[in-house]
Amino acid sequence: MSFTRRTVLKSGAAAGAALAMPAIARAQQTNLKVVWMGWPDNQVLPLFAEFEKRNPSIKLAVERMPFSQIFQALEVRLNARSGDPDIFIVDSPLTASYAARGHLMELDSLIDKSRFAPSAIEAASFQGKIYSAPFGSSMQVLYYNKGMFRAAGIEPPSADPAKRWTWEQVLEAGRKLARPADNIWGFSFEQQERPYQLLPLGQSLGGVALSPDGLKATGFIDGPAFVEAFGFMQKLYTEAKISPPGQFDTALTPELFGSGKCAMLLGGTFVADTFFNKFPNLEFGVAPHPYFAKGKPVTPTGAWHFGVNPRTTQKAAVNQFVTDMLSDDINALWFKLRPYVPTLNAVWTKEAKTFDTDMWRIVKHESQITAVPRPATPGFREYEDILRVTLRDLQAGGDVKAALSAAAQKIDREIAKYKG
Amino acid sequence: MNRPRPLPTLLRYATMSLIAAILLTPIYWLIISSFRPADEIFRFAGTFSLETLVPRRLTLDNYAQIFASSFPRSLFNSLFVAAATVALGVFVNSMAGFAFAVFDFPLKTPLFIAVLLSFMMPFETIVIPLYTLMRTLNWTDTYAALILPEVAGGLIIFLFRQFFAGIPKEIYEAARIDGASWWQIYLRMTLPLSGPTIATASLMMFIHQWDAFFWPLVATSSADLAVVQVAIARNMTLEQANWGALFASASTAVLVAAVPFFLLQRYYVRTVVSGGDK
């Protein structure tokens, strides 16, 4: 083989190109726009830092939106039908709503269903396909103030799910503990007006919150089970006066419990952290979610998922994001930063030591046995908004059946647009 | 003239003081809570007592916390955005108001009706097209997106137009005969006369931008461009709230916004009262 000037030039060019490759690779950095919930810095940033460390070619521009308007702001961005944002946080019951309107990319090829709790996959699915990544779930447990129970001479509820309290027992103990005139309450829901928290009451009595196709509320949310259950809820505020009326801010009720103004709180796992950090002297115990004596135990579930904008131009990078964020160790890190109920089976084994407490034993049991996700409907936003107002009104009094029927009709009118 | 009778006067003042106290209590509570330690904020809030109003312990922790965060940057952003909107807005809106008041031109009435309608329309109805427009111009996530859509305001144009319409036409004609250009008349004669209107318009634009929350949230995404209301709202999430930081940042925002209002309130009241009888 003879070296002509041409071969020398050719090989020189090839060598130059080979040398330049790493520089080109570095220059091909991908930027992903991520809209996330406005959780505090220290609970969010380490998560994304870890992702960037593993994927040096992907930079994340993370925007943390305040909870009060995150859904409305996302609506505007998504309705502009551009690729901004690439990734966004999804409240799990909104999965169907976004998916039906073409705002979520199908994720079936990226998610191995067998790694997750079945209820998490159910909450992430719409028409049999996965549209949101089940990043974390939730569960409610009954917190009680040990000191207040001691002072009133009441035996506190057991942590054993087989011996869980009935709602009737909660009411009876609440009557002994509450002194409404002194702003001392027996029992409070953490989220006093939200279907998330209140639907399990009716479901405990066998009620179904929405038709199976997700498009009809009449005959479901105003059926006898919900009328009876929400009648009981109303009694807590009006006749028995054991629950604080009008406290609809979900951040306020844990304050009431933490400062010793409320003896029992049905709240999420996350609230425990608030108690440990903010009220170090609070002596509290944890028991399973109550149920009606003639019904069955039902608990709420579902929480923050995230989704991919189908109009993103960075397909490879978003796939990497989904895969990494749902990996065992990043998901375990997320749990440590913010203890939502893990959706990944592996996290339960990996963090076995952390889960060796009453609270997490209860949560594990409930997640597997009693958890029922919120109804899957493209009209969940409308459903929730209408029901919230009705539940608020009911706590002030009024005819339960009439109010629920009116709400059901309104919901039917609003979600009719998603038919067909 | 009757001599004021002491008892009714006393009673009147007592009643007015009581009403003032009731109205001011929530603001007082907001500010005093920002100086309380976290575990005391709600301890005395359920039943009204002396301890609800007088804190047991005072702390500057909440303020230390927000000023160590990105809050000062948000404070600057809001001040900058509000000041820039006011500076541009006074000229743009007064020129438009001048044109509507002084000139006759084709489609004047339909255009003026459009101006009136523009401030009666709820913002939610235009937010999606506005956002799409900003994207097309490549202005999303810039100060331009925060400032420019808010510069021209129907209500402000209306305010200037009402004021300029009250100036006798003869003055303009005399100035024209003396050889002044319309630009000189606007800049040298009418604008200096409209001090109170400028003060009112500035205040309205300033407060509007200071309170802006939803549009900035939609239009900008980087943390460096977060405005003050967004920074305040970040202290609340679904499951928990950083009440101390929330109250400290809200108190700071209220106090900063009050400064221009106190400086200009004399003029503000005067224009609102006189604006109606043109």
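Reader: How many residues has helix α9 of chain A, and how far does α9(A) reach from its first C-alpha to its last?

Author: This is a predicted model. In it, helix α9 of chain A spans residues 224-237. At 1.5 Å a residue, 20 Å is expected, and the reach is close to that. The helix has 14 residues and reaches 20 Å.

Reader: Which residues of α9(A) are buried?

Author: A residue counts as buried if 20 or more other C-beta atoms lie within 10 Å of its own. In α9(A), that test picks out A225(A), F226(A), V227(A), A229(A), F230(A), M233(A), Q234(A) and L236(A).

Reader: What covers the buried residues of α9(A)?

Author: The cover includes a strand, β7 (185-189) of chain A. It also includes helices of chain A. Among them are α8 (195-204), α16 (380-395) and α17 (400-415).

Reader: Which residues are buried in helix α7 of chain A, and what covers them?

Author: Helix α7 of chain A runs over residues 167-177. Its buried residues are W167(A), V170(A), L171(A), A173(A), G174(A) and L177(A). Their cover includes α6 (146-152), β7, α9 and β8 (262-268) of chain A.

Reader: How many residues of strand β6 of chain A are buried?

Author: Strand β6 of chain A covers residues 140-145. On one side, Q140(A), L142(A) and Y144(A) are buried. On the other, V141(A), Y143(A) and N145(A) are buried.

Reader: Do β1(A) and β2(A) run parallel or antiparallel, and what is the hand of the crossover between them?

Author: Eight bridges join β1(A) to β2(A), and the two run parallel. Within this pairing, V35(A) stands opposite E63(A) in β2(A). From β1(A), the chain passes through helix α2 of chain A, residues 41-54, to reach β2(A). This β-α-β crossover is right-handed.

Reader: Which residue of β3(A) is the bridge partner of V34(A)?

Author: Strand β3 of chain A covers residues 87-91. Two bridges join β1(A) to β3(A), and they run parallel. The partner of V34(A) in β3(A) is I87(A).

Reader: How far apart are the centres of domain 1 and domain 2 of chain A?

Author: The domain assignment gives domain 1 as 28-135 + 304-339. Domain 2 is given as 140-300 + 375-418. Taken over C-alpha atoms, the separation of their centres is 30 Å.

Reader: Which helix gives the most to the side of domain 1 of chain A that touches domain 2 of chain A?

Author: The contact takes seven residues from domain 1 of chain A and 11 residues from domain 2 of chain A. The side of domain 1 has six nonpolar, one polar and no charged residues. With three residues, the top contributor to that side is helix α4 (residues 95-100) of chain A.

Reader: Which element gives the most to the side of chain A that touches chain B?

Author: Here 32 residues of chain A are in contact with 26 residues of chain B. β1 (30-37), β2 (58-65), α3 (70-79) and α11 (269-278) of chain A each supply at least two residues. By class, the side of chain A divides into 13 nonpolar, 11 polar and eight charged. The most, five residues, comes from α3(A).

Reader: In chain B, which helix gives the most to the side of domain 1 that touches domain 2?

Author: The domain assignment of chain B gives domain 1 as 6-61 and domain 2 as 69-277. Their centres are 34 Å apart, taken over C-alpha atoms. Seven residues of domain 1 are in contact with six residues of domain 2 in chain B. With three residues, the answer is helix α1 (residues 6-33) of chain B.

Reader: What share of the residues of chain A count as buried?

Author: Chain A has 17 helices and 12 strands. Its C-alpha atoms fill a box of roughly 100 × 50 × 35 Å along the principal axes. Of its 420 residues, the buried share is 48%.

Terms used: Residues numbered from 1 in each chain as written. Chains lettered and ligands numbered in written order. Predicted model: local features only at pLDDT ≥ 70, side-chain atom pairs only at ≥ 80, totals over all residues. Helix = DSSP H or I, 4+ residues; strand = E, 2+ residues; numbered from the N terminus. Expected span 1.5 Å × (residues − 1). Buried ≥ 20, exposed ≤ 12 C-beta atoms within 10 Å, placed from the backbone. Contact = placed C-beta atoms within 7 Å. Domains from an automatic or database assignment. Nonpolar A, V, L, I, M, F, W, Y, C, P; charged D, E, K, R; others polar. Pairing = 2+ DSSP bridges. Right-handed = clockwise from strand over helix to strand, strands pointing away.
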